[in-house]
Amino acid sequence: MPPSSLRVVYAFAREMHPKTSDVFIQYGTAGFRTKANLLEHVVYRMGLLAVIRSRVKNGRTIGIMITASHNLEPDNGVKLVDPDGEMLEQSWEEIATRLANVSDNDLESTTEQVIREVKADMSLKASVFIGMDTRYTSPRLAAAASNGVIALKGTPKELGIVTTPMLHFCVRCRNDNKYGTPTEEGYYEKIVGAFKNIRQKLPVFGEYNTTLYVDGANGVGGKKLNIIRKSLDGELDLNLYNLGGNGGKLNLNCGADFVKVSQKPPVGVEHVPFQRVASLDGDGDRLIYYFLDDKENMHLLDGDRIATLYASYITELLNTCEARDLKLGLVQTAYANGASTKYITEELKVPVTCVKTGVKHLHHAALAYDIGVYFEANGHGTVLYSQNAKNTIRKITLEGEPEQRKAAELLLNIIDITNETVGDAISDLFLVETILCARGENVRQWLAAYTDLPCRQLKVTVQDRNAISTTDAERQCTAPEGLQLKIDELVGKYANGRAFVRPSGTEDIVRVYAESDTQQEADKLAVEVSQAVFDLAGGVGNRPELPA
Ligand code: 16G
Ligand code: MG
């Protein structure tokens with residue numbers, strides 16, 4: 001395409017999606033995320049970038065998701081999805097940031113420069129799938145993304161309101177038709193179909209019961225479960241709450257992030273003692289379970305629990321089908337509860353890798369195993385099966401002894417329930433329900449595997465969060481000087497104490513995590529570490545205070 005045809009890039013920008021703000025914006029852990037009214041030009045430009053990316057990938061489909069996940073309604077965001085359904089290659093984040101921040105006047109030349117730099121063949125076809133969450137600002141932003149795609153003569157396809165993992169799934173299927181059909185229906189067919197299939201093989205028994213309460217965070221995930229609910233024939237009785245009606249606000253005092261961070265039950269859900277509840281986040285890519293006991297104490301079953309449940313059950317099946325040479329490993333972050341790591345390594349004897357926060361880091365590390373389970377404590381995670389693992393398991397279904405075949409067939413269904421492109425609340429929910437059912441377990445039995453160390457998360461506002469640098473998968477802090485020494489000193493005072501700090505990748509704050517033997521001590525340690533951050537890293541506002 002001759003450069004002159006890039007004129008339209010400028011014309012669209014000026015006429016329809018002008019850059020009206022000079023606030024610098026960065027492609028962070030999960031794309032761009034900020035107040036929705038600052039995003040239109042950014043999303044338009046991501047439409048342009050998606051077309052360039054698609055051409056660099058020989059015309060394979062790229063995804064754009066409009067969402068701010070677990071953040072509140074006034075926020076929104078945009079992220080790009082690569083052809084295999086994984087997060088955008090990291091080296092392109094800088095390009096995305098550059099393109100998002102240039103003035104409208106420089107947009108045409110910057111676009112040209114990017115095209116040259118990445119050697120995109122602009123004569124190729126380009127295809128972009130666009131999905132959005134339920135935010136009222138999302139349709140407008142999705143339209144801006146579409147215009148960006150059109151401006152560079154790509155073909156946009158709007159999938160409408162979908163969960164983030166559904167978009168990832170559809171992108172993958174569009175580029176690899178063996179993975180499934182690239183539509184919402186195709187997603188249900190594969191994932192829910194495999195779940196129903198497995199229920200035929202594993203009848204309900206023991207302490208497991210088919211009733212599940214769900215907190216939909218007033219977002220897209222609950223809405224989709226409501227569609228799925230109608231197709232279930234008693235395999236699972238879903239009682240859905242926080243579906244977005246009755247004035248319920250997206251992620252406000254509900255949803256997986258609220259439940260995990262505040263360690264409180266969400267509003268809007270009816271609570272019955274010992275009834276298990278699954279809580280999704282606003283865009284349906286995180287899942288947390290919890291229940292209240294008869295004294296209304298809450299018991300959380302977070303991402304670490306789900307990961308250990310998966311790892312132990314899959315290991316069991318692998319042992320039964322004697323596929324012992326397949327190496328299964330687990331990937332966590334520094335947020336993983338210390339008790340979970342201990343349980344996994346010492347009791348399950350499964351190797352653990354610890355990586356930096358952010359799905360792309362976990363996903364990447366999980367690829368190193370034949371079967372890689374990855375989870376953030378916040379409930380984002382999935383399982384990746386290598387081609388070798390899939391081939392081995394398939395072979396056993398054909399050639400194994402009867403018991404081995406049975407286990408291998410279960411594994412094949414489990415692989416189909418899994419959305420391997422990214423953590424997926426819906427797929428994870430069906431997997432958890434499958435395993436609890438297979439074991440005949442209720443939530444109390446699930447919880448009994450190990451006892452979490454009490455923990456606390458806090459935020460500290462500082463002048464410049466980038467003044468904090470970390471190493472060793474964010475477990476050690478290298479700047480500002482003296483902060484790590486201070487943290488070590490504080491941690492040393494507590495039994496089973498552990499703490500770390502890191503700059504958030506999504507908000508302008510520093511995050512603090514602490515755990516210890518009792519809740520009171522974890523809370524105290526978290527505040528003391530927050531004070532150290534405040535004092536040594538240029539705290540702003542009120543100094544954090546110890547609870548009275
Ligand atoms: C994003 C990440 C999530 C991470 C979180 C950390 C993706 C798709 N999502 O939501 O994995 O846990 O950021 O946020 O990568 P923070 O940097 O603000 O703590
Ligand atoms: Mg999310």
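The legends below describe close-up views of a predicted model. Local features are given only at pLDDT of at least 70 and side-chain atom pairs only at pLDDT 80 or more, while totals for chains, interfaces and linings use all residues. Residues are numbered from 1 along each chain as its sequence is written, and side-chain values use heavy atoms, with hydrogens and water left out.

**View 1. The largest nonpolar core and the surroundings of Phe-430.** The largest nonpolar core has 83 residues, a core being a set of buried Ala, Val, Leu, Ile, Met, Phe, Trp, Tyr and Cys residues joined through side-chain atoms within 4.5 Å. Here buried means under 20% relative accessible area, exposed over 50% and partly exposed in between, computed with a 1.4 Å probe on protein chains only. The residues with the most contacts inside this core are Leu-225, Tyr-289, Tyr-310, Leu-429 and Phe-430. Leaving aside residues up to four places away in sequence, Phe-430 touches Val-192, Phe-195, Leu-225, Ile-228, Leu-232, Leu-236 and Ile-417, where contact means heavy atoms within 4.5 Å. A second, separate core of 46 residues includes Val-102, Val-118, Ala-120 and Leu-141.

**View 2. The salt bridge between Lys-395 and Glu-399 in helix α13****.** A salt bridge is a side-chain nitrogen of Lys or Arg within 4 Å of a carboxyl oxygen of Asp or Glu, and the closest N and O atoms of this pair are 3.8 Å apart. Because Lys-395 and Glu-399 are 4 residues apart in helix α13 (residues 387-399), about one helical turn separates them; helices (H or I, at least four residues) and strands (E, at least two) are DSSP runs, numbered from the N terminus. Lys-395 is exposed at 51% relative accessibility, and Glu-399 is exposed with a relative accessible area of 56%.

**View 3. The salt bridge between Glu-528 and Lys-493****.** The two side chains meet at 3.4 Å, N to O. Glu-528 belongs to helix α18 (residues 519-536) and Lys-493 to the loop between α17 (483-492) and β18 (498-503), so the pair ties together parts that are 35 residues apart in sequence. Glu-528 counts as buried at 11% relative accessibility, whereas Lys-493 counts as exposed at 54%.

**View 4. The salt bridge between Arg-498 and Glu-515****.** The N to O distance in this pair is 3.1 Å. Arg-498 in strand β18 and Glu-515 in strand β19 (residues 510-515) are 17 residues apart, and their pairing links distant parts of the chain. Arg-498 is partly exposed at 23% relative accessibility, while Glu-515 is buried at 1%.

Conventions. Chains lettered and ligands numbered in written order.
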